[in-house]
Amino acid sequence: KSQIELILETGGVLLQSEKAISRLSSAFSEAVGSGGPKDRATAKVAQVCLEIQYEAIDLCGVDRTHGVQALNGVQARFGGDRELLAKMASFAQQCERSVASATVPRAARAMEEVRQAALGARQRAIERSDAEERQRKGQAALVAKGGLSKGQVLAFFAENQRLLDLPETRERYARVASRSPDSLATLNAVMVEDQRSVFPRTLGVTRKVGRAALEALPATFGADDEVEGAVKDFAENCARVWLAAARQEEVSSEAQQTVPTPKPKGQENPKRKPKEKPKGQRKLQASGEMARAQIVNFLDGCLYMYMLPETRAQLRELYLAQGGGDSGHKAAARESVKLQTDLLEALGVKAQFGISCLNRLGQTHGSDQEVVGKMQHFQARAQQAVVECRLSDAEVVAAREAGAQEARDRQAKQAAAVARMRRVEETVLLLSAAEKEAHKSKMAKKWATLTKLPPQSR
């Protein structure tokens with residue numbers, strides 16, 4: 001274990017050195033300059049990053065092949081050592097960041113470095129403030145190492161649930177969200193900061209220890225139903241509070257579980273008198289383009305909305321009230337669209353205008369991976385919500401578990417494929433020049449045969 005920790009620490013130091021950063025950036029520049037595609041240039045950078053890791057193994061006096069095998073076997077040998085697994089995860093993230101930073105333009109990289117430095121300075125200031133507050137109160141120093149026990153994890157979620165249910169918390173979030181379209185991003189940051197403050201105040205651990213423990217939850221408590229239930233309940237409550245703040249609503253515990261009584265078949269959209277515009281209500285946007293922040297807020301809000309059991313219950317009740325079948329399905333689909341348009345208007349965008357902007361998303365934000373990814377996730381979740389209105393609660397649970405298992409199987413296959421490719425890369429890097437030439441000669445006949453075959457047979 002101590003050797004593995006030394007390799008990880010040495011690798012981290014090497015990756016942060018100016019020489020390593022220069023090597024990674026040069027590898028990318030050379031690959032791009034030679035006219036190759038960006039993905040191939042990124043692969044070249046990843047290969048250099050791998051070579052730096054091998055150098056770390058060499059510096060620790062361990063044979064490369066043996067060191068690689070030891071690192072690949074950490075999960076099997078030290079699966080219960082949360083601290084070591086956290087170090088492995090941190091090192092893997094550092095490798096990913098090193099590759100990513102080498103493949104972005106220098107100006108953007110400099111801006112990101114400034115941003116990260118500012119965030120780091122702010123985080124250190126917060127950690128100092130936490131420690132000084134405990135010292136003033138005569139409390140024990142914060143625990144700065146290790147992970148969290150199951151009891152501490154459950155206490156973290158219980159305390160955050162209590163804070164979310166306080167009227168003053170919800171009023172503060174509503175004030176933050178009411179400032180501008182960009183303020184919902186600020187609301188996200190405020191909510192996260194409030195959650196993290198529980199680590200030093202209630203659990204007596206540093207925020208860094210707490211964050212690492214939360215990131216490792218799937219590995220440490222992935223099969224624990226009690227922890228999984230606490231995570232689910234907390235996520236749903238966060239979604240309710242965020243939506244209430246975005247809509248400028250008051251949400252009580254009773255309102256959370258209330259499902260509107262569905263209207264009889266054929267009367268789901270009766271003619272109603274137009275609502276009087278409340279005094280002071282902001283004017284809805286109906287021209288120009290939706291800002292990126294507005295689009296992200298809408299997509300996030302819809303994902304939160306479809307996460308809630310009361311949304312599922314509302315669509316299910318309407319489906320049954322319309323007699324089920326196709327008519328019930330259509331009624332639920334109309335209600336789902338209405339929930340989306342209501343959210344658009346709550347966010348200050350006229351419904352039809354917002355829909356036209358979202359329909360042009362491929363033209364206006366087609367290169368924005370985050371927005372495109374959120375849009376695809378939203379579309380899939382909206383479709384799933386309407387499909388599930390046909391199913392009972394038990395059938396929904398079974399269908400979701402089957403889908404989750406399928407996703408886990410797919411991820412396992414992808415991980416195995418990545419591991420195979422990594423072993424191949426490692427093997428090739430360890431070959432001498434003579435061995436590489438011998439391997440090329442050995443494969444020449446097979447390659448010639450493959451190139452003669454039609455694409456499908458190949």
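Rings of Phe, Tyr and Trp (its six-membered ring) are paired if their centres lie within 6.5 Å; planes under 30 degrees apart count as stacked, over 60 as edge-to-face and the rest as tilted. By this definition, the structure holds six aromatic pairs. The model is predicted: local features need pLDDT of at least 70, side-chain atom pairs count only at pLDDT 80 or more, and totals for chains, interfaces and linings use all residues. Residues are numbered from 1 along each chain as its sequence is written, and side-chain values use heavy atoms, without hydrogens and water.

One of the pairs joins F157 and F234. It is tilted, with 5.4 Å from centre to centre and 55° between the planes. The pair links distant parts of the chain, as F157 sits in helix α8 (residues 150-164) and F234 in helix α14 (residues 225-247), 77 residues apart.

A second example is F298 with F378. Their centres are 5.7 Å apart and their planes at 65°, so this pair is edge-to-face. It too links distant parts of the chain: F298 lies in helix α16 (residues 292-307) and F378 in helix α21 (residues 369-388), 80 residues apart. F298 and F378 are buried.

The protein chain has 23 helices and zero strands. Helices (H or I, at least four residues) and strands (E, at least two) are DSSP runs, numbered from the N terminus. Of the 458 residues, 34% are buried. Among contacts (heavy atoms within 4.5 Å) with a separation of 6 or more, 75% join residues 24 or more positions apart.

R134, in helix α7 (residues 106-136), is buried yet has no salt bridge (a side-chain nitrogen of Lys or Arg within 4 Å of a carboxyl oxygen of Asp or Glu). The nearest side chain of opposite charge, E133, is 8.3 Å away. Lys and Arg count as positive, Asp and Glu as negative; His and the chain ends are not counted. Leaving aside neighbours within four places in sequence, R134 contacts Q139, A140, A141, L142, P200, R201 and G204.

The protein chain exposes about 28200 Å², with 54% supplied by carbon and sulfur atoms. Accessible areas come from the Shrake-Rupley method with a 1.4 Å probe; for residues, only the protein chains shown count as cover.

Methods
Buried means under 20% relative accessible area, exposed over 50%, partly exposed in between (1.4 Å probe, protein chains only).
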